[in-house]
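Here is a short briefing to read with the model open in your viewer. Take it one topic at a time, and find each residue as you go.

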Amino acid sequence: MPTVLREGGYQFLMFTSDHPPAHVHVRREGKLAKVLLDPIEFERTGGFSFGEQSKIIDIIRTYHGFLLAEWNSRYPSEG
């Protein structure tokens with residue numbers, strides 16, 4: 001599970017066996033969430049508090065272009 005970004009104490013991961021839709025997994029202190037990239041929203045909050053969820057969304061918004069590019073380079077669309 002490659003780490004694609006570390007920011008604000010959070011680790012943003014894309015698993016090697018991931019599949020659409022585009023998303024990242026976010027880990028910190030034993031918690032693991034899944035956040036969709038388009039639209040940006042939690043699929044699983046993984047036990048993060050509302051305040052942490054807001055911070056995670058802010059980080060993803062800041063790095064959205066980078067994260068989508070990482071997704072697209074790892075999992076190019078078919079067709």
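Leaving aside neighbours within four places in sequence, Q11 is in contact (heavy atoms within 4.5 Å) with T3, L5, R6, H25, V26 and R27. Keep in mind that this is a predicted model, where local features need pLDDT of at least 70, side-chain atom pairs count only at pLDDT 80 or more, and totals for chains, interfaces and linings use all residues. Residues are numbered from 1 along each chain as its sequence is written, and side-chain values use heavy atoms, with hydrogens and water left out.

**More on Q11**

- Q11 sits in strand 2; strands (E, at least two residues) and helices (H or I, at least four) are DSSP runs, numbered from the N terminus.
- Q11 counts as buried because its relative accessibility is 13%; the cut-offs are under 20% relative accessible area for buried, over 50% for exposed, and partly exposed in between, using a 1.4 Å probe and protein chains only.
- The side chains of Q11 and T3 are joined by a polar contact of 2.5 Å. That term means a pair of N or O atoms within 3.5 Å; within protein, one must be able to donate a hydrogen and the other to accept it, and residues adjacent in sequence count only if both atoms are side-chain atoms.

- Strand 1 (residues 3-7) pairs with strand 2 (residues 10-13) in the antiparallel sense, over four bridges; to pair, two strands need at least two bridges found by DSSP.
- Look across from L5 and you'll find its bridge partner in strand 2, F12.

**The nonpolar core**

- In soluble globular proteins, nonpolar side chains tend to be buried together.
- The largest nonpolar core here has 20 residues, and F12, V24, V26, V35, I56 and I60 touch the most other members. A core of this kind is a set of buried Ala, Val, Leu, Ile, Met, Phe, Trp, Tyr and Cys residues joined through side-chain atoms within 4.5 Å.
- Strands 1, 2, 3 and 4, along with helix 1 (50-62) and helix 2, are the elements that give two or more residues to this core.
- Helix 1 gives the most to this core, with four residues.
- I60 belongs to helix 1 and counts as buried because its relative accessibility is 0%.
- Not counting residues up to four places away in sequence, I60 touches F12, V24, V35, L37, I40 and L67.
- V26, with neighbours within four places in sequence left aside, is in contact with Y10, Q11, F12, K31, L32, A33, V35, F48 and I56.

**Around H23**

- H23 is found in strand 3 (residues 23-28), and its 1% relative accessibility is why it counts as buried.
- The H23 side chain makes a polar contact with the side chain of D18 (3.2 Å), and the H23 side chain also reaches the backbone oxygen of P21 at 2.6 Å.
- If you skip residues up to four places away in sequence, H23 touches M14, D18, K34, V35, L36, L37 and W71.

**Rings and a charge**

- How far apart are the ring centres of W71 and Y75? They are 4.3 Å apart with planes at 45 degrees, so the pair is tilted. Rings of Phe, Tyr and Trp (its six-membered ring) pair if their centres lie within 6.5 Å; planes under 30 degrees apart count as stacked, over 60 as edge-to-face and the rest as tilted.
- W71 is buried at a relative accessible area of 4%, and Y75 is buried at 17%.
- R28 lies over the face of Y10, at 4.7 Å from the ring centre; the rule is NZ of Lys or CZ of Arg within 6 Å of the ring centre and within 35 degrees of the ring normal.

**R74 in helix 2**

- R74 lies in helix 2 (residues 64-74) and is partly exposed, with a relative accessible area of 34%.
- The side chain of R74 makes a polar contact with the side chain of E70 (3.0 Å).
- R74 and M14 are 60 residues apart along the chain, and their C-alpha atoms are separated by 8.7 Å.
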